[in-house]
Amino acid sequence: MNLGEQVKTAWKSLLSNKLRSLLTMLGVIIGVAAVIVMISISAGTEATISEAINGLGSNLVFISGSMSFGGPGVRMGTAARGGLVYDDMTAIKDKINNIAGVTVEQSTSATVEFNGTALEEITVVGSTPDYPTVRDMKVAIGRFYNTRELDRISKVVVLGKDVAEQLFGDTDPIGQTVIVSDIKLTVVGVLAAKGLVSGVDFDTQIYTPITVVFQKLSPNMFARFMGDSVRQIIVSVNEDADMDKVIEQITLLLAKRHEVTLDSLDFSIRTQEDIIATQESTTASFRTLLAWVAGVSLLVGGIGIMNIMLVSVTERTREIGLRQATGATPGDIQVQFLSEAMMLSLLGGVLGVLAGIAGAYLFGHFSEMRTVILPYSVALSFGSAALIGIFFGFFPAQKAAQLDPIVALRHE
Amino acid sequence: MDEQPAIIQTVDLVKVYGSGDSEVIALDGVNITINPGEFVAIMGPSGSGKSTLLNILACLDRPTEGQYIMAGEDVSGYSRKELALIRGRQLGFIFQSYNLLPRTSALENVMMPMMYVREDRLSMHERRNKAMEVLESVGLADRSHHLPNQLSGGQQQRVAIARALINDPILILADEPTGNLDSHSSYEIMELLHGLNDRGRTIVMVTHEPDIAHYTQRILQIRDGKLASDKKNGKMPPRPQEALQATEQEVSA
């Protein structure tokens, strides 16, 4: 009995039970489609993240204070409260070579008003004049605040593009006064569009000298108590500089200033590469999780096939007996039922691939999430479906092949 | 002139089912020889072992002891696969309940056993033609595309006979071929088998109806797992023609 005939016989037998075959395939269809859609979602997320990381700006070193060592008020000295202070930034700027810029960030949230229009929950980023250089941002209209304004705690503000559009529309915002948490600030510039980077929409924020945040905008007593501590110092290292060397120098400098040993640093330094590595390990585990979920549904589909094949073997016991009586060897019977199971899973696989591609496309189109269909996911899911057909078809086929022809022929 | 080897030769055939207390001796030393061209009926009360004997002769089962030599080939110790190949190549089966594949046309039912032929395979087209020829020979050319449930019992059995003939077997085995049929159809089937026998086919059938066995050449009586009698019906067995005509008159009356 050759393969072409096997396939034809299997096909006829599936056709004679169309609804049942379709329902059985549905398990595989859903499983295969799930694998493709899940992988396309995780691939889409990865693509978004890697674009975001590249948009951070190049050669950045992020220094964050950690409050776990000592905590506020425990240690004496320049960094009595632990973590980072504004002067750490100044020290880095003065003493470390090969850096293109240093800035700090300390943010707060406030309502921004102009002429009756109020925008709530706007992030106010307190920083230094180096901010646009380090963050790789351009000023569209006007200018960024300067060092003099920083030192004098001048009440000036630079607006993100979207904030400017929402507050002023077609009006020229330069020189206008906006009210931020009851403080009047003069608009000196508007930034060019930067968009969403690493989950932060730079166009919906406003930017003031950090001194203004410290002195005027700190929303509560705790923040005032925290004084000039900063959440993060960002250093932009020269393109041709040795990154590791610069990091080492910064570490030694800050350790000395904070009076801590290298074993008990109260700050951490990350580079962009570290962030990429962290993101990658996060997305990798995300992808693994999705793959497992999809794999389980594929497995359930396989069990469905086994179930229906066992029913089919029982129902067709007489047919099996007859085929054996007319010369079918146990091998022939096994191949017949195995090819039916295979056909169910392969056909389910093909339909599942189509459904998966369509699903991934529609999902990317109609949801916030981005999807990228990877060719390997199609191969993987289809291959798994084929293997599942063999694996779950094997036992029922074996059962059919081992039937005693006499018993099978007498079966009612 | 050289004698052709016997189609069936059994030597002290024993079949035991179960073991210990539940041991049942179904066959207890059966010696039979059936030569080419014979038309033999195996008779006996139920539980006599006649079905067991037929199953062994049909290569569906293996003897516990003794030998079964089929056309010169000792098949007693054959594996399941080897027995399957023998069945496909040399045997044709007719069952009491026809055993046609449902939802499958008469023609395709007849073609089915050709699927399992391993050597000298025919093309699909040749198989179709051959199946049509055989269907014609059992008088069902015009029913070739009917499904089993569109055929009468007698017609279904004739399809089954065509199926048994399709691979040119050296031996045809029938298990109560008329058991499910009315007497008119029974005579028709017997007439058909007779015709096949006339053209040289060797046929062995199990029946418990004496008037059906009456139309064969030789009757083997099995009792308690042993061959009780082996009688020839005479050189020229009666044909079921007369009985057939008689029932036809009944039908038309």
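Me: Is the crossing where α1(A) passes α12(A) left-handed or right-handed?

Reply: Let's start with what you're looking at. It's a predicted model, so local features need pLDDT of at least 70 and side-chain atom pairs count only at pLDDT 80 or more, while totals for chains, interfaces and linings use all residues. Residues are numbered from 1 along each chain as its sequence is written, and chains are lettered from A and ligands numbered from 1 in the order in which they are written. Now the general idea: a crossing is left-handed if the near helix is turned anticlockwise from the far one by less than a right angle, and right-handed if clockwise. Here, α1(A) crosses α12(A) in the right-handed sense.

Me: What is the angle between helix α1 of chain A and α12(A), and how far apart are their axes?

Reply: Axes are lines fitted to C-alpha atoms, for helices over the stretch in contact, and angles run from 0 to 180 degrees between N-to-C directions. Helices (H or I, at least four residues) and strands (E, at least two) are DSSP runs, numbered from the N terminus. In this case, helix α1 (residues 3-15) of chain A packs on α12(A) at about 65°, with the axes 9 Å apart.

Me: Which residues in α1(A) and α12(A) meet?

Reply: Two residues are in contact if their C-beta atoms, placed from the backbone, lie within 7 Å. From α1(A), the residues include A:W11 and A:L14, and among those they meet in α12(A) are A:M343 and A:L344. By class, the contact has seven nonpolar, five polar and one charged residues. For sorting them, Ala, Val, Leu, Ile, Met, Phe, Trp, Tyr, Cys and Pro count as nonpolar, Asp, Glu, Lys and Arg as charged, and the others, Gly among them, as polar.

Me: How does helix α10 of chain A pack against helix α12 of chain A?

Reply: Look for helix α10 (residues 272-315) and helix α12 (residues 330-366), both in chain A: their angle is about 145° and their axes are 10 Å apart. The crossing of α10(A) and α12(A) is right-handed. Here A:I305 and A:M309 are among the α10(A) residues, and A:F337 and A:L344 among those of α12(A). That contact has six nonpolar, three polar and one charged residues.

Me: What makes helix α11 of chain A count as largely enclosed?

Reply: You count neighbours. A residue is buried if 20 or more other C-beta atoms lie within 10 Å of its own, exposed if 12 or fewer, and partly exposed in between, with C-beta atoms placed from the backbone. Helix α11 (residues 317-325) of chain A has seven of its nine residues buried, so the rest of the structure largely encloses it. Among the buried ones are A:I320, A:L322 and A:R323. The cover includes α12, α13 and α14 of chain A, along with α2 and β7 of chain B.

Me: Which residues touch the most other members of the largest nonpolar core?

Reply: The general idea first: in soluble globular proteins, nonpolar side chains tend to be buried together. A nonpolar core is a set of buried Ala, Val, Leu, Ile, Met, Phe, Trp, Tyr and Cys residues joined through C-beta atoms within 7 Å. The largest one here has 117 residues, and A:V32, B:I42, B:V110 and B:L173 touch the most other members. Helix α2 (residues 18-54) of chain A gives the most to this core, with 14 residues. There's also a second, separate core of 51 residues, including A:I99 and A:L254.

Me: Is chain A spread out or compact?

Reply: Compare the radius of gyration, taken over C-alpha atoms, with the globule rule, which is 2.2 Å times the number of residues to the power 0.38. Chain A comes to 14 helices and 14 strands. Its radius of gyration is 33 Å, well over the 22 Å that the rule gives for 412 residues, so chain A is more spread out than a compact globule. The C-alpha trace of chain A spans about 100 × 55 × 40 Å along its principal axes.

Me: And how many helices and strands are there in chain B?

Reply: Chain B has eight helices and 11 strands. Its radius of gyration is 18 Å, close to the 18 Å from the globule rule for 253 residues, so chain B is as compact as a globular protein of that length. Of those 253 residues, 44% count as buried.
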